[in-house]
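Please brief me on this structure.

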Amino acid sequence: MTVQEPLKVAREIALNPYDWVQDWKNQNRRKVVGTFGMYVPHELIHAAGIQPIILPVSDQPISSQVDADMPSPPYCAFARGLLAHAIQGELNFLDGLAMHECCTTACALIELIPRRACQISWFQPLWFPVPLHGRRTRQWLLNELEGFKRTLEQLSGEKITEARLRSSIGLYNYNRTLMNALYDLRRSRPGIISACEMHDVLLCGMVMPKKEHNLVLERLLCLLEKRASHSDRARLIMSGSLCTQPWRSIMEVIDDSNIAVMDDDLYVGSRYYVTRVSETGDPLEALAESYQRMIAPCPTRWDPDNDWGDYVVRMTLSAGADALVSLIVRNCEPHEIAWPRVQQALAAAEVPQTSLQIEPQMSTAQARTILDALAERVCV
Amino acid sequence: MEKQSASRTLNRLATARDGGVLVAKHYEEVNRAAKQGECVGWLFAESPRELFKVAGIHSIASGNWGARAGALRANAVLLEAAESEGFPRFMCPYMKGLIGHAILIARDETDKIPPEIRLPKPSFMGGWNRCSQGQQCMEAVNYYLKPKVSTFVIDTPHVYDDEDLEKVVGYVVLQMEDLIGFIERLTGRPYPWAKLCEWTRTIRDIAIMREEIWQLAQAKPTPMTMGDWAVALGAVTGARDDLSSIQFFKKLKAEVEDRVKNGVGSVPDEEIRIMWHELLVWHSFGSLTKAAASLGCVMIPGSYILWDNRPELIDPERPLWSMVQSYLYVMTGRSMEYNLRERVKRRAMPYNVDGVIFSTSPSCKNFSKCAYALKEQFESDTGIPGVVVSADHCDSRFHNEDELEQTLSTFIDIIKARKDKHLKEL
C-alpha cells in the first residue's frame, strides 16, 4: 500500500461529500444529522447512534431566492451556500439539522432553512453561552446539552447512557490524537502533505464516521513518514475560515505557489481538534468544560483574556513559519471585525502576513498573485 | 409615477422636536458628569440603562448615540477613523462609530469629533449580547483605550420557541442580579432597589402613555407620522434614565389629542398609509416622510420606531424581569413567527395600512434578517402588499437617496393603482 491509497479515499469523499454520506447512510441504515455553526458537540450525536456531519459548502452559483433571502452584503458566502444547498434539496437526505447560533448569520439560517427546505423534519437550534466563563453560563450550557441529549434520544430512539457518551468521547479523542499527530508531522516536515491533501483529510473527517477516519489516519501516518519534505518552500500558517472548510480551489492555489503550510487555525482544521474532552467524571460536564476552556480563541465568544492575535503569533513562531495568511470569508462579520487587531499583533511581532477575502468563484489568479508575492517576500 | 404635489407638505408635531432637545440634554449631562470625575459607561446594543442611572451612574447606549450621530450626519469622521484601522465597510455604524471614537481618543484627536456627538472616555463598558457585534465592538474599543476598562457581557439567548421565553428570561435575570454586584463595586454603595422599583413604575406610566398616543394616532387623518415618532424614540431610549421625559410624553399626547379632536392630520388629504417596518434610515427619514407626504402618503411607524412598546410587560415589583421582557425581548431575539405576529401585524392592522416597507440594512443583520420571507408571509396572510428595501441605516456616505425615494414612489403608485382597480370593481 502506498500513501496515495488513504489520500485517494479522503479525496473521493472530499470531492463529493454529500453523495458519499448518502451512500453510507443507505448501506448502513443509520441516521445522519448535519451541523452548522461551530461547537455543536458531535460526541453527543454519535452517542445517540447517529452520524454527525459538519455541512460542507460548495462554491456553486447562487440562485435569486438565496439572493433575496440572504443578500450579499451582509451575509457570508458559507451561509448563502448552505441555504442554496437546502433550497436545491441537497440536504433532504439528512434526518435532521442541529444548528448553533454562533453569529447573527447562523440565526438567519436557523429561521430560513426549515422554511425553504421543509423536508428536513428534525431541527434543533442551539445557543451556547457567548461569555465563556461564570457559574450562570455553566448552568445554562449544561441545561442546553441536557435538552439536546433528550431530543437526540427522541430522534434515534436510543438512550444516551453515560457509558455510551464516554465511549463516544474516547473515540473522538483518539481521532484528535491521530489528527494532532498529523499536525505534528506537518510542522516538523514542511510540505510532507500538500494543502489539497490536508484539506481532503480534514473534510473527510467531518463526514466520515470517526472509527473509519481513524483507520484512514493510522494508515496515512504510517505511510506519510516515507515521503520527502520540502524545506525550500515558504512556510505559512493558514488562519480563519471560521465556520466550515474553505473551498478546495484555494488550496490548489496554495499548492501551485511555492508554499508549504506548516499549521492552521481553521475551524475545519486545528480548531476542531485542539481541545480534548475529559474522559473522567460526568461526560456532559466534560463536554461543557471543554467548550468553556476552548483553547483556540474565537471572535464569536467573549473571553477577553484569550487573545486571537497573541494566539496566532505563538502558533506562527512555534511552527517556525515565515508568514501567515488569513482566509476571510467575505462578509464574515466576526472575522472582519477581529482582523485589524490580529493584524496589528502580527505586525508588532514582525510576522509577515496577508489576507485573502474568499468567496465562491473568486479569482484564483488574484489569490495566486497575493500568495506568490508573500512567498517571494519571505523567501528572500 | 404620479407628479408630486407641492401643496401637500408634512404637518409635523411641534412637540416632537422637544424629543431631540431632551436627548441633547442627556449627552450634555453625560459630558458634564465625566468632567466632574463621575463614572460614565458605554453600553452596547440594547441596554436598559436605568439599571445604572438609578445608582447614580451615567451611561450612553450605542443604539441611541449611533442613531443620533447618523441622523445628524456627524459620524463620517468616526467611521473613516475605524476604517483606516481596517474595520470593515459593512459593519454596524453605531458600533463602528464608537470604535472610531476610541481610536480618535487614542490618537488624541478628539477635536475632530463634532461636539454634538463627542463622548467622554468610558469608565466601564458592557452590554447584553442581543447583537453579536456588541461584544466584539467592546473588545475593539478596549484595545484602543489605555488603560483598559472593566467590562461585562450579559448573555441573552435567542428565543426560537415562545415556550422557552420564561426559561431564557430567568437566565438573563440571574446574570443581571450578579451585575448588581458590579454596580455596587463601582459606586461603593448598596444598590437602591426601592428606587429602581419606583423608576420602573414611571417607565411603565410612560409606556402606557405612549401606547395611548399610538392608539390615538390610528385616527384618520393620522396626527403623527413616522418622523414624529422617530424623534420621540430618542426620548424613549436616550432619555430612558431621565424621568423628566414623562413631561415630554404628556405634552405630546395633549398635542395629538388636540389634533384628533380637530381632525388635523400630518398629511393633508391623506390617501395612503404605509408602515415602515424595522430600521429607520436615520440620515434620511425626514426627506422620505416628506417625499411620501407630497404623494398623499403618510408613513406610519413600525415596532422598531415604537421600540415595540409593551406596558403590560412592565411590573414595578419585578424591575429586572420587566427590563428583560419589555426592553430586550420585544425587539430582537425572537422567532420569525413572533416577529410577524407581534411586530408586524400587531402594528400594521389597527392602522389599516395599505402597504408595508420591510427595511433592511447591509450593515445590520440583526434587524434585517428574514425580511424577504417575512414580507412573503405577511402578503400571503393579509393580502396587503409589501416591498423590501435596502439602505444603510446610519452611514450616509454611500446612500442613494433618489433610489430609495424612487422605490417609495413606485410602491405608492402600485398601491394607488390597486385601490383604484378595487373601487372600479365594486
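The points below are grouped by topic.

This is a predicted model, in which local features need pLDDT of at least 70, side-chain atom pairs count only at pLDDT 80 or more, and totals for chains, interfaces and linings use all residues. Residues are numbered from 1 along each chain as its sequence is written, chains are lettered from A and ligands numbered from 1 in the order written, and side-chain values use heavy atoms, without hydrogens and water.

**Sheet in chain B**
- Four strands of chain B make an open sheet, ordered 6-5-7-8, with parallel pairing.
- From one strand to the next, the twist averages 30° (axes are lines fitted to C-alpha atoms; angles run from 0 to 180 degrees between N-to-C directions).
- Strand 5 (residues 272–277) of chain B runs parallel to strand 6 of chain B, joined by five bridges.
- B:Ile272 has B:Cys297, in strand 6 of chain B, as its bridge partner.
- Strands (E, at least two residues) and helices (H or I, at least four) are DSSP runs numbered from the N terminus; two strands pair if DSSP finds at least two bridges between them.

**A:Arg248**
- A:Arg248 lies in helix 11 (residues 248–256) of chain A.
- A:Arg248 counts as buried because its relative accessibility is 15% (buried is under 20%, exposed over 50%, partly exposed in between; 1.4 Å probe, protein chains only).
- Beyond neighbours within four places in sequence, A:Arg248 contacts A:Arg11, A:Leu15, A:Cys196, A:His199 and A:Asp200 (heavy atoms within 4.5 Å).

**Cysteines**
- Over all chains, the structure holds zero disulfides (cysteine sulfur pairs within 2.5 Å).
- B:Cys370 is in no disulfide; its nearest cysteine sulfur, that of A:Cys107, is 7.0 Å away.
- B:Cys370 is buried, at 3% relative accessible area.
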